[in-house]
Amino acid sequence: MFHLTCIHCGQKYGSDEIIYTCRSCGHLLEVQYDLDAVKTSCETWQTRPLSVWRYKELLPVKGNPITLQEGGTPLYHLKRIGAELGMTHLYAKHEGMNPSGSFKDRGMTVGVSMALELGMKSVACASTGNTSASLAVYGAKAGIPAIVLLPAGKVALGKVAQALMHGAKVISIQGNFDRALELVRDLCENQGIYLLNSVNPYRLEGQKTIGFEIIDQLGYVPDRIVLPVGNAGNISAIYKGLHELTALGVIDKMPKMTGVQSKGAQPVVQAIEKNLPEVVPEENPETIATVIRIGAPVNAEKVLTAIRDTQGTAIAVTDEEILAMQRDLAQKEGIGVEPASAASVAGLKKLVQAGIVDKDEHVVCVVTGHLLKDPETIINQCAPPISCEATLPSLLHALDS
Ligand code: AN7
């Protein structure tokens with residue numbers, strides 16, 4: 001049992017309404033459950049496989065979901081990178097191991113299932129890449145058309161390839177992500193298409209299960225969870241979920257929610273550093289981590305609460321720091337992630353080096369998308385393969401070079 005509530009004025013809406021923002025004040029909505037009804041089922045969670053649907057009583061879908069077995073992603077101990085920082089309890093939750101290669105699948109299994117339960121016939125989103133790939137995949141699984149709007153020339157190859165191959169209608173917009181989002185919001189409003197950006201309260205419900213899994217995998221609540229921040233949907237969703245577990249008495253403390261942005265697109269970091277009452281949008285965001293090339297985060301209001309309420313923080317890293325950590329994760333830990341995902345660990349490193357985060361803390365960095373999402377950025381920073389004639393002497397020579 002649940003309803004939607006405006007995060008600003010508290011106005012309530014029924015679970016059968018197709019609505020993304022409050023009709024009275026225009027702010028975002030979130031899903032609220034009757035937690036008393038959920039209480040007893042929490043005890044049975046441990047008997048189910050680790051996945052988004054382990055936690056189904058805290059998700060809005062009533063019937064059988066559209067699922068490709070999302071979630072249940074590995075939590076890796078970062079032994080070498082941790083040792084370099086003097087940390088023994090540093091972990092990475094590899095969300096690149098989801099069906100389409102990013103955490104977005106957790107949201108889309110829920111969002112697309114809700115689209116069907118609400119009787120919607122098609123789905124759409126604007127995307128810096130991963131949301132579009134995931135929507136294409138789940139649209140295909142559900143058997144309904146998916147429309148995705150991408151900022152022209154600013155989406156990594158792997159993601160465009162996925163959106164195309166899984167049969168979405170892919171539109172390249174002559175403008176950045178923030179503009180594409182405005183446009184798709186108008187389109188959905190106008191044409192009765194279901195919007196699955198992170199203004200959609202149901203999609204974020206799926207994403208909160210990252211936090212649940214972290215606690216189940218560790219067996220305790222970490223001191224801190226660190227995430228890359230673009231639209232700030234993910235960090236806000238995890239905060240909301242853990243807040244629900246606190247209200248249910250399943251956990252007795254909150255991790256410090258910590259956001260990382262790129263120097264070229266850091267509206268949330270600026271708001272935290274300057275203690276501003278709200279996030280001031282940036283006009284021309286720019287970063288090599290194209291998925292977080294976002295100047296006007298949709299969940300701006302929620303992220304400030306998530307960080308401030310948990311005594312967390314936010315930090316910006318340079319593109320060079322992001323790429324260096326992408327290589328470190330790949331070469332020192334065997335973990336392949338796309339640039340934005342490495343930002344979480346790069347930010348944590350900076351916070352430890354600055355003495356803001358204690359080396360003894362138990363920290364989980366969420367790495368959000370798979371290495372193969374963005375092959376061009378990788379090829380551009382690695383030396384090309386060594387060319388070699390097909391003889392043993394040539395091979396030995398090549399190995400020596
Ligand atoms: C790998 O696909 O916004 O702060 O349109 O793909 O919840 O936005 C992607 C975002 C981090 C930021 N890491 O998460 C999109 C899109 C990866 C991402 C983020 C994204 P939010």
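In which order do the six strands of the open sheet line up? You'll find out in the second legend, after a look at the whole protein.

This is a predicted model, where local features need pLDDT of at least 70 and side-chain atom pairs count only at pLDDT 80 or more, while totals for chains, interfaces and linings use all residues. Residues are numbered from 1 along each chain as its sequence is written, and side-chain values use heavy atoms, with hydrogens and water left out.

**View 1. The whole protein.** Start with the parts list: 15 helices and 13 strands. Helices (H or I, at least four residues) and strands (E, at least two) are DSSP runs, numbered from the N terminus. The radius of gyration is 21 Å, close to the 21 Å that the globule rule gives for 401 residues, so the protein is as compact as a globular protein of that length. That radius is taken over C-alpha atoms, and the globule rule is 2.2 Å times the number of residues to the power 0.38. Picture a box of roughly 75 × 45 × 45 Å along the principal axes, filled by the C-alpha atoms. Of the 401 residues, 57% count as buried. Here buried means under 20% relative accessible area, exposed means over 50%, and partly exposed is in between (1.4 Å probe, protein chains only).

**View 2. The open sheet.** The six strands run in the order E4-E5-E13-E10-E11-E12, with mixed pairing. At the edges sit strand E4 (75-77) and strand E12 (313-317), each pairing on one side only. From one strand to the next, the twist averages 25 degrees. Two strands pair if DSSP finds at least two bridges between them; strands E10 (residues 224-228) and E13 (residues 363-367) have three, in the parallel sense. Look for Val-226, which stands opposite Cys-365 in E13.

**View 3. Helices on the sheet.** Helix H8 (residues 209-218) packs on the sheet and touches E4, E5, E10 and E13, its direction making about 130 degrees with that of E5. H12 packs there too, touching strand E11 (256-262), E12 and E13, and its direction makes about 95 degrees with that of E12. Touching, or contact, means heavy atoms within 4.5 Å. The axes are lines fitted to C-alpha atoms, for helices over the stretch in contact, and angles run from 0 to 180 degrees between N-to-C directions.

View 4. In soluble globular proteins, nonpolar side chains tend to be buried together. A nonpolar core is a set of buried Ala, Val, Leu, Ile, Met, Phe, Trp, Tyr and Cys residues joined through side-chain atoms within 4.5 Å. The largest one here has 95 residues, and Leu-135, Tyr-194 and Tyr-202 have the most contacts inside it. Apart from it lies another core of 30 residues, among them Leu-78, Val-260, Val-345 and Val-363. Back at Leu-135, its contacts beyond four places in sequence include Met-108, Val-123, Ile-147 and Leu-196.

**View 5. Ser-100 in its loop.** This residue lies in the loop between strand E5 (90-94) and helix H3 (104-117). Is Ser-100 buried or exposed? With a relative accessible area of 3%, Ser-100 is buried. Not counting residues up to four places away in sequence, Ser-100 touches Asp-105, Ala-133, Ser-134, Val-137, Gln-162 and Lys-373. The C-alpha atoms of Ser-100 and Asn-130 are separated by 8.3 Å, although these residues are 30 residues apart along the chain.

**View 6. Salt bridges.** The structure holds 19 salt bridges, each a side-chain nitrogen of Lys or Arg within 4 Å of a carboxyl oxygen of Asp or Glu. In one of them, Glu-338 meets Lys-159, with the closest N and O atoms 2.8 Å apart. Glu-338 sits in the loop between helices H12 (319-332) and H13 (339-353) and Lys-159 in helix H5 (residues 157-165), so the pair ties together parts that are 179 residues apart in sequence. Both Glu-338 and Lys-159 are buried. Now compare Glu-182 and Arg-179, whose side chains meet at 2.6 Å, N to O. They are separated by about one helical turn because they are three residues apart in helix H6 (residues 177-191). Glu-182 is partly exposed at 45% relative accessible area, and Arg-179 is partly exposed at 38%.
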